[in-house]
Amino acid sequence: MELHTLKPTAGSRKDKHRVGRGHAAGKGKQAGRGQSGQTKRSTVRLGFEGGQNPLFRRIPKRGFNNVNHVEYQIVNLDDLEKTFKANSVVSYETLFEHGLVKRSMPVKILGRGQLTKKLTVKIPALSETARLAIEKAGGKIEVE
């Protein structure tokens, strides 16, 4: 047996029924779609409700969605204090290895907690309190 000699079992595969090809083909005239009208057409606009005011237009709309908004994963100073040893490098990769962040979103370091260890931080987004605390502890901030 070789690949080019393989064939499906007899009767296991059926030909596609070609609709709309005349009476003799078995699915002619209305092609199995019933009587004429809207449901016979190929598409109906998304949200169309037969001329009734659609749901998305009936419901009131409020607020504003900023397309430029960036959602950050939050890491606080007390997380860095618990996780890293002194003179360590804090980067996206090391945070991921320690399970503090996921792969999907950018990271921002915030200033909750105390930092006593000297760390080298390579995360571009920091709050001002976190920046001051890292520098006060003798650490460096190297924005990539």
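1. A quick definition before we look around: a residue is called buried when its relative accessible area is under 20%, exposed when it is over 50%, and partly exposed in between. Keep in mind, too, that this is a predicted model. Now try Leu6: its relative accessible area is 48%, so Leu6 counts as partly exposed.

2. Let's stay at the start of the chain. Leu6 sits in the segment before helix 1, which covers 55–58, and Met1 is found in the segment before helix 1 as well. Met1 has a relative accessibility of 88%, so it falls in the exposed class. Together with Leu3, Met1 and Leu6 make a nonpolar patch on the surface, with about 450 Å² of accessible area between them.

3. Next, the inside. Which residues have the most contacts within the largest nonpolar core? They are Leu80, Leu95 and Ile109, and the core has 18 residues. Two or more residues of this core come from each of helix 2 (77–83), helix 3 (92–97), strand 3 (107–110) and helix 4 (128–136).

4. Have a closer look at Leu80. Skipping neighbours within four places in sequence, its contacts are Val75, Val90, Leu95, Ile109, Leu115 and Leu119.

5. A word about the record. UniProt, in an unreviewed entry, puts the feature "domain: Large ribosomal subunit protein uL15/eL18" at residues 74–142. In the model, that stretch is 32% helix and 22% strand, and its end C-alpha atoms lie 19 Å apart.

6. On to charges. Side chains of opposite charge can pair when their charged atoms come close. How many salt bridges are there? The count is three. One joins Glu49 to Arg58, with the closest N and O atoms 3.2 Å apart. Glu49 is partly exposed at 30% relative accessible area, and Arg58 is partly exposed too, at 41%.

7. Another salt bridge links Arg112 and Asp78, whose closest N and O atoms are 3.1 Å apart. Arg112 is in the loop between strand 3 and strand 4 (120–121) and Asp78 is in helix 2, so this pair ties together parts 34 residues apart in sequence. Arg112 itself is partly exposed, at 48%.

8. Finally, Glu142 forms a salt bridge with Lys140, the closest N and O atoms being 3.6 Å apart. With a relative accessible area of 32%, Glu142 is partly exposed.

Definitions and conventions:
Residues numbered from 1 in each chain as written. Predicted model: local features only at pLDDT ≥ 70, side-chain atom pairs only at ≥ 80, totals over all residues. Heavy atoms only, no water. Patch = residues over 30% accessible without salt bridge, like charges linked within 9 Å, V, L, I, M, F, W, Y side chains within 5 Å. Areas by Shrake-Rupley, 256 points an atom, 1.4 Å probe, with all protein chains shown as cover. Salt bridge = Lys/Arg side-chain N within 4 Å of Asp/Glu carboxyl O. Helix = DSSP H or I, 4+ residues; strand = E, 2+ residues; numbered from the N terminus. Buried < 20%, exposed > 50% of the residue type's maximum accessible area, 1.4 Å probe, protein only. UniProt positions renumbered as here; feature names shortened; annotations may be inferred. Core = buried A, V, L, I, M, F, W, Y, C linked by side-chain atoms within 4.5 Å. Contact = heavy atoms within 4.5 Å.
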